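Take a look at the protein below.

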Amino acid sequence: MVQCEMCGKEVSSPNRVKIEGAELDVCDECTDFGTEVKTQESSSASTKYSTSSSGSSGSSSSSSPSSSSSGGSSRRRDMFDEMDEIAQDFDDQIRTARESKGLSQQELAQQLNEKASLIRKLEQGNSLPSDDVRKKLERSLGIDLSAGGGDEETEWSGGSSEGSYTLGDVVERKD
């Protein structure tokens, strides 16, 4: 017996339903909350997470995940891998670069073909710049708003198994 992933009711044969983008195994009563998903019964070794790049969301079963037949040992990539992290002090960087060039918020906005209210919100830290606006700012002001370092360089490699690193070695305090 399997539990319904919405209400917790015990079900012998759950229905695969897509609810707000998530595929869930639900009971007959909860099926009305989403649209039924057609499952592919052709493959004998199904995985919980699809590794194919066919664009479909792939089939999944309620059994435990098994290793993929493709034998891919690399980590699964997602949309966050391609995203650049923005520096925490981006607001100060924008303001100081604008002031050093002798531009007002209005003049910078006109130069970037953006609204002055956007520049004000960015400098106050109330809004994060979109990728397009970030690139315009970097080009116009000659600054780098990325968080620094490459993708692989920023990951912590860890210490030896003997416990040579402590939390105090890794954490940066903001007193």
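Start with Val 171, which sits in the segment after helix H5 (167-170). Helices (H or I, at least four residues) and strands (E, at least two) are DSSP runs, numbered from the N terminus. Val 171 is partly exposed, with a relative accessible area of 47%. Here, buried means under 20% relative accessible area, exposed means over 50%, and partly exposed is in between (1.4 Å probe, protein chains only). Val 171 also belongs to a nonpolar surface patch with Tyr 165, Leu 167 and Val 170; together they have about 400 Å² of accessible area. Patches are made of residues with over 30% relative accessible area and no salt bridge; like charges are joined within 9 Å, and nonpolar side chains (Val, Leu, Ile, Met, Phe, Trp, Tyr) within 5 Å. Accessible areas come from the Shrake-Rupley method with a 1.4 Å probe, and for residues only the protein chains shown count as cover.

A word on the model. It is predicted: local features need pLDDT of at least 70, side-chain atom pairs count only at pLDDT 80 or more, and totals for chains, interfaces and linings use all residues. Residues are numbered from 1 along each chain as its sequence is written, and side-chain values use heavy atoms, leaving out hydrogens and water.

Now step back. The protein has five helices and five strands. From the N terminus, the order is β-β-β-β-β-α-α-α-α-α. Of its 175 residues, 22% are buried. The accessible surface is about 13,200 Å², and carbon and sulfur atoms hold 45% of that.

Go to the strands. Three of them form an open antiparallel sheet in the order S4-S3-S5. S4 and strand S5 (35-36) are the edges, since each pairs on one side only. Two strands pair if DSSP finds at least two bridges between them. Strand S3 (residues 15-19) and strand S4 (residues 22-26) run antiparallel and are joined by five bridges. Lys 18 has Glu 23 in S4 as its bridge partner, and Ile 19 has Ala 22. S3 and S4 make a hairpin with two residues between them, and Glu 20 in the turn has a positive phi of about 50°.

Next come the charges. A salt bridge is a side-chain nitrogen of Lys or Arg within 4 Å of a carboxyl oxygen of Asp or Glu. The count comes to eight. In one of them, Lys 9 meets Glu 29, with the closest N and O atoms 2.9 Å apart. This pair links distant parts of the chain: Lys 9 is in the loop between strand S1 (2-3) and strand S2 (10-11), and Glu 29 is in the loop between S4 and S5, 20 residues apart. Lys 9 is partly exposed at 39%, while Glu 29 is exposed at 55%. Another salt bridge joins Glu 23 to Arg 16, at 3.9 Å. Both of those residues are buried.

Finish in helix H4. Glu 138 and Arg 134 both lie there, four residues apart, about one turn of the helix. Their side chains form a salt bridge of 3.1 Å, N to O. Glu 138 is buried at 16%, and Arg 134 is buried at 7%. Ser 140 is in H4 too (residues 131-141). Is Ser 140 buried or exposed? Ser 140 is buried, because its relative accessible area is 18%. Its side chain makes a polar contact of 3.4 Å with that of Gln 111. A polar contact is a pair of N or O atoms within 3.5 Å; within protein, one must be able to donate a hydrogen and the other to accept it, and residues adjacent in sequence count only if both atoms are side-chain atoms.
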